[in-house]
Amino acid sequence: MARRGAAALALAPALALLAVALAGVGARGAVLEDPDYSVQEIWSREPYHARPNPEPEPEPFSPPLPAGDGEEERQPRPSQHRPPKKASKPKKVPKKKLAPETSPPGCPPLGLETLKITDFQLHASTSKRYGLGAHRGRLNIQAGINENDFYDGAWCAGRNDLHQWIEVDARRLTKFTGVITQGRNSLWLSDWVTSYKVMVSNDSHTWATVKNGSGDMIFEGNSEKEIPVLNELPVPVVARYIRINPQSWFENGSICMRMEILGCPLPDPNNYYHRRNEMTTTDDLDFKHHNYKEMRQLMKVVNEMCPNITRIYNIGKSHQGLKLYAVEISDHPGEHEVGEPEFHYIAGAHGNEVLGRELLLLLVHFLCQEYLARNPRIVFLVEETRIHILPSLNPDGYEKAYEGGSELGGWSLGRWTHDGIDINNNFPDLNTLLWEAEDRPNSPRKVPNHYIAIPEWFLSENATVAVETRAVIAWMEKIPFVLGGNLQGGELVVAYPYDMVRSLWKTQEHTPTPDDHVFRWLAYSYASTHRLMTDARRRVCHTEDFQKEDGTVNGASWHTVAGSLNDFSYLHTNCFELSIYVGCDKYPHESQLPEEWENNRESLIVFMEQVHRGIKGLVRDLHGKGIPNAVISVEGVNHDIRTASDGDYWRLLNPGEYAVTAKAEGFTSATKNCMVGYDMGATRCDFTLSKTNLARIREIMEKFGKQPVSLPARRLKLRGRKRRQRG
């Protein structure tokens, strides 16, 4: 943090006031005078804060910073008891709710929640301990179960008095327009701030309090610990530093808060820090949040742009009757091509995890544009893969989150379906069926390691199963998916199965699948090409540090989940499914979407390309007809897959040599050695199976209208005849 020396503090008050005023005026003038500003803000083509608003915005100002105010802040005060719940003669502003994303108030968030604001930019007067330091005072940060010395759920002051504050250094002149606050995230404690003052400074020494008329303005804070509360400043304020000074707090708690600051950084072409860390995108895409109607419209626009490679369809309806739309991208949309693998992306299982939804809509638009531009990489992907993209699995939940907006939805508004079900763990628990059968002594038959049937109770109408879940299951049973990713939010990691621990009474335990090496590669393929997931310098989102596994994690070693989509997909279908957590902020402001797209674009494409890794082929009979439902086994891997209706199959494998066996009922099995190389493209490994002797006999007898001879029945018949002859 830049601070003035002792000589600067000795300047005359008038000179200090003149310097601050000139800085503010100069910064405002730069908005119009800086020719490079449109280049710096290439995302929006014009400064965010310069966009026209429905109503004229009040002229921002740099408030005078009287020396007396600054001196008063620095003078030690005698310790006082807890202040009353309401300060004397407060001038409060009412709490305001953020409008939907279509009409954001003033400026976007600075980025405390998205980690754009670093830990070094956050400071506080005191803190209870390191885990409750200023760096934990970020909107929606989660404490986890332990609430330990390193990862707790808020900034908490070391003392409860009027001298406590938390401060943000924007590192450049910024037009501040509002403050959003929350209480402490905790399972056990109730701590939040009920009112506070806002102070600003250009040098972090001399502070001016935001006023309402002649008196200091007291902003109304929170009434509970999780629901965010927005307070807009009466007039935008230009400064570098902003400080929140709590005035009252929950009577049975302590001074604890999480927050976000709304502000527009002013252009400064000489600020090397800003220019070095700026992220831009050149993709001409629709960077905004789309409600249900707008999502359908965007899909329609893309379909009209690329009618030969896109198809819009729905897999069912939500509880509220909204259709679950998907977009198919293929050179022959609407049909399965023999030998062509099927891939899917799903987002929005939790309705408030919006970033994944918008990334998939951007991806649909991007693939169409790049195909029309004949980008060879995208052309190959589209022509050799059947891609399905389902952007919003829980549209009912999304509509709830959309009404609140990107900052005021909290951590869970819209997470569940309309009937209160978490889709992410609403699938049948097939892990327990498999493991119990494997552990059962003297099992009468070999336990199947794939295509495990769904229990009958799950299929009943009275089962607690969301209609969205049933729609996804039917979709996955109908289409022979090979690889899939479900995009989620709130973290930055790729999780691979199993998601459920095998040991009883444990909540965390590494539980690998038989294809653990393949899953780890698939996870790493996404994480390693993401701009931030494997960056060792980045801080953790909340409480977990995933850098030891390069931005990947076994789901069960993180936290156990029974009935996850990943585990169900692996045990009930051929599809290898992973959960991709695309950002710390579940619902980022739309101004962050261009940067998030740049973070994830390459990863989204690379992950799709992995569907072409391993082996593929056809299993046919002697007449060249495909054999459906044939079992493909790989020696040393206790997990099989099956052929599709045309006899084609795809088996994801890492590079190496494998003994592969194809077998089907009524046919003799066949085994081949198949080599998987390092180059992209699956190795062709076809099988031709001949019928068994018994199958041939049955076929011949059925052809001539006779039934095959049953030897046990024939013996019984002969014995009866002999008895009759003796009698």
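Leu115 is found in the loop between β1 (91-93) and β2 (122-124); helices (H or I, at least four residues) and strands (E, at least two) are DSSP runs, numbered from the N terminus. The model is a predicted one, in which local features need pLDDT of at least 70 and side-chain atom pairs count only at pLDDT 80 or more, while totals for chains, interfaces and linings use all residues. Residues are numbered from 1 along each chain as its sequence is written, and side-chain values use heavy atoms, with hydrogens and water left out.

The backbone at Leu115 has a positive phi, near 70 degrees, in a residue other than glycine. Most residues other than glycine have a negative phi, and most peptide bonds are trans. Leu115 is buried, with a relative accessible area of 19%; buried means under 20% relative accessible area, exposed over 50%, and partly exposed in between, with a 1.4 Å probe and protein chains only.

Arg171 is another non-glycine residue with a positive phi, of about 65 degrees. Arg171 belongs to strand β4, residues 166-182. With a relative accessible area of 25%, Arg171 is partly exposed.

His205 sits in the loop between β5 (193-201) and β6 (208-209). Its relative accessible area is 17%, so His205 is buried. Tyr241 is 36 residues away from His205 along the chain, and the C-alpha atoms of the two are separated by 9.8 Å.

Two strands pair if DSSP finds at least two bridges between them. Strand β15 (residues 481-488) runs parallel to β18 and is joined to it by six bridges. Within this pairing, Leu483 stands opposite Phe576 in β18. Strand β16 also pairs with β18, in the antiparallel sense and over five bridges. Here Val494 is the residue opposite Ile580 in β18. In a regular strand the side chains alternate between the two faces of the sheet.

Pro497 and Tyr498 are joined by a cis peptide bond, with omega about 5 degrees. Tyr498 is placed in the loop between β16 (491-496) and α13 (516-527).
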